[in-house]
Amino acid sequence: MEKGALKELIRKTIESIVAPTIPIGVSNRHIHLSGADYDRLFPRELLRPKKALAQPGEFAAEQTVTLVGPRGTIERVRLLGPLRAHSQVEVSQTDARTLGIAPPVALSGDLSKAAPITIKTAHGQITLPCCIIAKRHIHVAEADSSRLGVHHGDTVAVRMISPQRTTVYEDVIIRVSPDYVTEMHIDTDEANAAQISNGDTAYIVR
Ligand SMILES: [Zn+2]
C-alpha cells in the first residue's frame with residue numbers, strides 16, 4: 001500500500017473508533033395524515049398501531065393507502081401515527097419517477113414546495129400538495145448533542161459504514177429535541193446506494 005493511502009486508512013480507522021456512532025433507521029415511503037384527512041380516507045375506523053418506531057410515541061399503523069400519480073401508482077403505503085396537524089407523503093426519488101411527479105427534497109414539515117399527489121383508499125380519495133422527498137437528517141436526543149458536538153439546525157457530513165460501499169453523505173440536517181432518540185434517518189434510495197440496512201451505524205465526519 002502507498003504511504004498516502006495507508007495514512008488515509010489509519011486516519012479513517014482512528015476517526016471511526018473515536019467518533020460516537022449513530023444508529024441508522026431506513027424510512028420506507030410513508031404517509032402522515034391530519035385528523036380531517038384520516039376521517040375522509042378511513043371513515044369510522046380506529047387508527048390501529050401495528051409496530052412502535054424508534055422515536056417515542058411514533059408508530060406504523062395497520063392502515064395503508066394507495067398513491068396515485070400521473071404516470072403510476074404505488075400500493076400499500078404505510079400510514080404512520082399519531083395523526084398530525086398536516087398530511088404529508090414522503091417518497092424516494094425512485095418512487096417519484098414511478099408516480100411521475102417531481103417532489104422537492106425538503107425537511108419534514110416544510111410543505112411550501114410540496115408536489116400534488118392523490119391518496120386513495122377503499123373509502124375515498126383526496127389530492128393534496130403534500131408530497132416531499134425527505135431531506136436526510138439525524139434526530140439527536142438533547143442529552144447527546146454535546147457528545148456529538150452538534151446543535152439544532154447544523155448541517156453535517158456523515159460516513160455510513162458498509163462492507164463494500166462505505167459512503168459519505170453530506171447535507172445531513174441535525175434536529176435536536178428532548179423528545180428524540182438519537183437516530184439517523186435516510187430513505188430507501190440512500191440506503192440502497194450505500195448497501196445500508198436498519199441498525200447499521202454512521203458517524204459524523206469532521
Ligand atoms: Zn426522522
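Me: Is H139 buried or exposed?

Reply: This is a predicted model, and in it H139 has a relative accessible area of 8%, so it counts as buried, the cut-off being under 20%.

Me: Is H185 buried or exposed?

Reply: H185 is buried because its relative accessible area is 16%, which falls under the 20% limit.

Me: Changing topic, which domains does the chain have?

Reply: The domain assignment gives domain 1, made of 19-25 and 136-205, and domain 2, which covers 28-134. The C-alpha centres of domain 1 and domain 2 lie 23 Å apart, and the contact takes 12 residues from domain 1 and 12 residues from domain 2.

Me: How much area do domain 1 and domain 2 bury between them, and how many salt bridges are there?

Reply: Domain 1 and domain 2 bury about 950 Å² between them, with 49% of that on carbon and sulfur atoms, while the count of salt bridges between domain 1 and domain 2 is zero.

Me: What about the largest nonpolar core?

Reply: The largest nonpolar core has 24 residues, and those with the most contacts inside it are L67, V89, V91, I117 and I119. At least two residues of this core come from each of α2 (35-41), β4 (59-68), β5 (73-81), α3 (93-99), β8 (115-120) and β9 (125-134). Another core, of 20 residues, lies apart from it and includes V140, V156, M184 and A191.

Me: Which residues is V89 in contact with, leaving aside its neighbours within four places in sequence?

Reply: With those neighbours left aside, V89 is in contact with H30, I31, L67, I117, I119, C130, C131 and I132.

Me: Last one, what does the whole chain come to?

Reply: The secondary structure comes to five helices and 14 strands, and the C-alpha atoms fill a box of roughly 65 × 35 × 30 Å along the principal axes. Of the 206 residues in the chain, 44% are buried, and among contacts with a separation of 6 or more, 68% are between residues 24 or more positions apart.

Methods:
Residues numbered from 1 in each chain as written. Predicted model: local features only at pLDDT ≥ 70, side-chain atom pairs only at ≥ 80, totals over all residues. Heavy atoms only, no water. Core = buried A, V, L, I, M, F, W, Y, C linked by side-chain atoms within 4.5 Å. Buried < 20%, exposed > 50% of the residue type's maximum accessible area, 1.4 Å probe, protein only. Helix = DSSP H or I, 4+ residues; strand = E, 2+ residues; numbered from the N terminus. Contact = heavy atoms within 4.5 Å. Domains from an automatic or database assignment. Buried area = accessible area lost by both parts, 1.4 Å probe. Salt bridge = Lys/Arg side-chain N within 4 Å of Asp/Glu carboxyl O.
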